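Please look through this model before reading my notes. Keep the sequence beside you as you go.

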Amino acid sequence: MARFSANLGFLWAELPLPDAIRAAARAGFDAVECHWPHADPAADPAAIRAALAETGLQMLGLNTLRGNTGENGLSALPGREAEARAEIDRALAFAAAIGCRAVHVMAGFAQGAQAEGVFRDNLDYACRAAAAQGALVLIEPLNHYDAPGYFLNRSDQAAALIAQLGHDNLRLMFDCYHLQVMEGDISRRLQRLLPVIGHVQIASVPDRGPPDHGELDYRHICALLDQLGWDRPLGAEYRPPGPTGDSLGWLAMLRAV
């Protein structure tokens, strides 16, 4: 039976993070994940960790900060290496403080060979730092409609970086929404890329709503992942069209697969 993680960047986003964790537990989620909890100066790692302990949920991942207004990450931006590495350190420190074992390193808007070299070097730095605390580093291709100009936008590009760097703790964040928009053929991509996948996220395509409609049949995706031996929670990273609690009908449907 499939298990699911609530992405609290989108779900119950109106609540303080400890309360959102409790809401996810009450709704029946198996884990949680988030975007940028460390962007909030009032964020209290102790309160977050206490909510996780209280509910028995694991925090699966968080992201490096995006940078200045209009930016979407720093790690592929030439000339911003010091800032990028400071944000990697900051994200890893916050992750350690709340018991989170994965950090998504955001590339940012950049193009070309120089950007690729910078991203590779920063990922190497991130992987070495993460290894010291037993953490994973995730990289995620984003589609060029939601994030035009984002450096990393295809799964084969991400897989090539993972192969080139050769770190055991560098993995692909396989977001079905983004990859369906950019590439399609999700079933074969999951089969081919499974050895380098660290996390899978789901949402409907093309509206990024609950995963119960649209181009992808997540009943098929869940059954396929089960056949492939995937036993980790799938990240529900979708935009609820109203109150989060009113959007959860898909949970029972996909758990029944």
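The points below run from the whole chain down to single residues.

1. Ground rules. This is a predicted model, in which local features need pLDDT of at least 70, side-chain atom pairs count only at pLDDT 80 or more, and totals for chains, interfaces and linings use all residues. Residues are numbered from 1 along each chain as its sequence is written, and side-chain values use heavy atoms, with hydrogens and water left out.

2. Overall build. The protein has nine helices and eight strands. Helices (H or I, at least four residues) and strands (E, at least two) are DSSP runs, numbered from the N terminus. The radius of gyration is 17 Å, close to the 18 Å that the globule rule gives for 257 residues, so the protein is as compact as a globular protein of that length. That radius is taken over C-alpha atoms, and the rule is 2.2 Å times the number of residues to the power 0.38. The C-alpha trace spans about 45 × 40 × 30 Å along its principal axes.

3. Burial and contacts. Of the 257 residues, 54% count as buried. Buried means under 20% relative accessible area (1.4 Å probe, protein chains only). Take the contacts between residues at least 6 apart in sequence: 79% of them join residues at least 24 apart. Contact means heavy atoms within 4.5 Å.

4. Strand 1. In a regular strand the side chains alternate between the two faces of the sheet. Strand 1 (residues 4–7) has both faces covered. Phe4 and Ala6 are buried on one side, Ser5 and Asn7 on the other.

5. Its partners. Two strands pair if DSSP finds at least two bridges between them. Strand 1 pairs with strand 8 (residues 234–236) in the parallel sense, over three bridges. There, Phe4 has Leu234 as its bridge partner. Strand 1 also runs parallel to strand 2 (residues 31–33), again with three bridges.

6. His178. This residue sits in helix 6 (residues 176–182). Is His178 buried or exposed? His178 counts as buried because its relative accessibility is 4%. Beyond residues up to four places away in sequence, His178 touches Glu140, Pro141, Leu142, Asn143, Asp146 and Arg208.

7. Ser155. Helix 5 (residues 155–165) contains Ser155. Ser155 is buried, at 0% relative accessible area. Leaving aside neighbours within four places in sequence, its contacts include Pro141, Leu179 and Arg192. Asp175 is 20 residues from Ser155 in sequence and 9.7 Å away in space, C-alpha to C-alpha.

Terms used. Buried < 20%, exposed > 50% of the residue type's maximum accessible area, 1.4 Å probe, protein only.
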